[in-house]
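Me: Could you walk me through this structure? I am new to it and would like to go piece by piece.

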Amino acid sequence: MARLTLSLMLCLLSVAAMQTVRGEDPYFFFTWNVTYGTISPLGVPQQGILINGQFPGPNINSTTNNNLVINVFNNLDEPFLLHWSGIQHRKNSWQDGLLGTNCPIPPGTNFTYHFQVKDQIGSFFYYPSTAMHKAVGAFGGLRVNSRLLIPVPYADPEDDYTVLIGDWYTKSHSTLKKFLDSGRSIARPDGVLINGRIAKGDGTDEPLFTMKPEKTYKYRICNVGLKTSLNFRIQGHTMKLVEMEGSHTVQNVYQSLDVHVGQCFSVLVTADKDPKDYYMVASTRFTKNILVGKGIIRYTNGKAPASPEIPEAPRGWAWSLNQFRTFRWNLTASAARPNPQGSYHYGSINITRTIKIVNSATNVDGKLRYAINGVSHVDPETPLKLAEYFEVADKVFKYDTISDEGLSKTANIVTVAPNVLNATFRNFVEIVFENQEKSLQSWHLDGYSFFAVAVEPGRWSPEKRKNYNLLDAVSRHTIQVFPKSWAAILLTLDNAGMWNLRSELTENRYLGQQMYFSVQSPARSLRDEYNIPDNTLLCGLVKDMPLPPPYTI
């Protein structure tokens, strides 16, 4: 009897231990039905893409290290994928949701994403990465809160709001896709939306958000649009910047913020003005005709309408560049882990490789294409990650078709092909973006955050390194590059996988301005990368192939 009791006690202790582990890293389950539906955000009925009947899609509210299990049912009539922008998917590029890593979900079927928001905090969003689906919805906010045991460098806000701003087209996603496939640009947008809506200003507008007098609120602002930088401001109120793409920032106060495509900022706003309605405003930057989107913030005790006088946006990109230079990493704050952000001294690490990225636009066979270093990327039928894992990469793509020097290997000729660069695991690299075009660029790198150490006019040279911010540059995942300018980032390639670097301007990305970094661990060990998930969709050359031997410890 004693032996049985001891055995039972050990069993109970084992169960308790398992529950403790799961308690530290809880699971959250979502079932999402993706459908078409009629929406009219600019007053013109059009076909949208909804998630569980919602436009925009549902917000995901998570905490550092949570496991998210999202079962996506594709009820469209074409393949579909979701991408989780800014989520690093440590050791797990299998879940990135891009055509270079995943087979799309066929119509009438489902796929379950399973990923952990490991060692991250901050404001992010998800969106569809297939075709031009992003142009008509299926995007939403994804927040990662700090764990309770990690101090946050500001008091808990009264509430936490997600603000999705973006340019908008009334043309259908299929029409926009046809434009691009035929070699045409999608041209100018028709309007600007805030959380899928636009205030009319006729007294009938319902508020997007409410605020109690004298309380402070957190607003997470993300530009989820297709191509246009936006300036965001709140009538009569200042904004204290506290977080940017997963990093706590020095808490400067701003009248307005330029939010480039793909970027997310978190600000604190205090309801300390006269109790009434106020407009939040998002307006286009660097465009000939300025488009304005508005939304209502209502004080709970307010009765007066918002003033029709909209605060003006800044002009020119020099203002935006100067604003970028005010963004600083909060060195004393703790992010996902207890140690201060500033305990990582990135400025003292030796650079092992410099990669120069030069963007260009050109015509190939009479059609518009965008390129990186003379190569315009196309997604092969077999996703790059799967081709590499099943060891048939040589039948799908070639590595290193671009040079590190930023020039085409065949001068003045653009090659249309998969663009994959071999990168050494755990190398500390410098990437320089040079924009010789007349329009602004916005770049994003999956799988990592990087230190945005410089943005300057002109062309880059090694001597420019003396101007780098090697102390408190913000660790983030997007960077804008102004016309005829350059930007430099530093990062450690410590996340094994196949990772996408792309222009966040959807037209540019769709027409080839993207590439992949293949970061392979020579050890093929579970310490560095997870095995292919059991539910992975297989397509192309690997559809009927047996699985390779799994990684081991």
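**Walking through the model**

Me: Let's start with Phe286: how exposed is that residue?
Reply: Phe286 is partly exposed, with a relative accessible area of 35%; buried means under 20% relative accessible area, exposed over 50%, and partly exposed in between, using a 1.4 Å probe and protein chains only. Keep in mind that this is a predicted model, in which local features need pLDDT of at least 70 and side-chain atom pairs count only at pLDDT 80 or more, while totals for chains, interfaces and linings use all residues. Residues are numbered from 1 along each chain as its sequence is written, and side-chain values use heavy atoms, with hydrogens and water left out.

Me: Where does Phe286 lie, and what is phi there?
Reply: Phe286 lies in the loop between E19 and strand E20 (292-299), where helices (H or I, at least four residues) and strands (E, at least two) are DSSP runs numbered from the N terminus. Its phi is near 60°, a positive value in a residue other than glycine.

Me: Why point that out?
Reply: Because most residues other than glycine have a negative phi, and most peptide bonds are trans.

Me: What is phi of Asn52, then?
Reply: Phi of Asn52 is near 50°, which is also a positive value in a residue other than glycine. Asn52 sits in the loop between E2 and E3 and is partly exposed, with a relative accessible area of 36%. The loop between strand E2 (46-51) and strand E3 (60-63) is also the place of Pro56, and the peptide bond from Phe55 to Pro56 is cis, with omega near -15°.

Me: Switching topic: how many disulfides are there?
Reply: A search of the whole structure finds two disulfides, a disulfide being a pair of cysteine sulfur atoms within 2.5 Å. Cys103 and Cys539 form one of them, with their sulfur atoms 2.1 Å apart. Cys103 lies in the loop between strand E5 (82-85) and strand E6 (110-116) and Cys539 in the segment after strand E33 (514-520), so this pair ties together parts that are 436 residues apart in sequence. Both Cys103 and Cys539 are buried.

Me: Which cysteines make the disulfide with a torsion of about 115°?
Reply: That is the link of Cys222 and Cys264, where the torsion about the S-S bond is about 115°, so the disulfide is right-handed. The pair links distant parts of the chain, with Cys222 in strand E12 (residues 216-223) and Cys264 in strand E18 (residues 264-270), 42 residues apart. Cys222 is buried at a relative accessible area of 2%, and Cys264 counts as buried at 1%. The link of Cys103 and Cys539, by contrast, is left-handed, with -90° about the S-S bond.

Me: And the pattern of the disulfides along the chain?
Reply: They follow the pattern 1-4, 2-3, with bonded cysteines counted along the chain.

Me: Is strand E13 enclosed or open, and why?
Reply: Strand E13 (residues 230-234) is largely enclosed by the rest of the structure, because five of its five residues are buried. Leu230, Phe232 and Ile234 point one way from E13, while Asn231 and Arg233 point the other way.

Me: Which strands are joined to E13?
Reply: Four bridges join E13 to strand E17 (residues 256-259), and these two run antiparallel; two strands pair if DSSP finds at least two bridges between them. Leu230 stands opposite Val259 in E17. Five bridges join E13 to strand E19 (residues 277-284), again running antiparallel, and there Arg233 stands opposite Val281.

Me: What does Trp319 touch?
Reply: Not counting residues up to four places away in sequence, Trp319 touches Asn231, Ser256, Asp258, Arg285 and Pro314, where contact means heavy atoms within 4.5 Å. Trp319 is found in helix H3 (residues 317-324) and is partly exposed, with a relative accessible area of 32%.

Me: Last one: which residues touch the most other members in the largest nonpolar core?
Reply: Of the 64 residues in that core, they are Tyr219, Phe232, Met280, Ile479 and Phe517; a nonpolar core is a set of buried Ala, Val, Leu, Ile, Met, Phe, Trp, Tyr and Cys residues joined through side-chain atoms within 4.5 Å. A second, separate core of 25 residues includes Leu81, Phe111, Phe115 and Tyr126.
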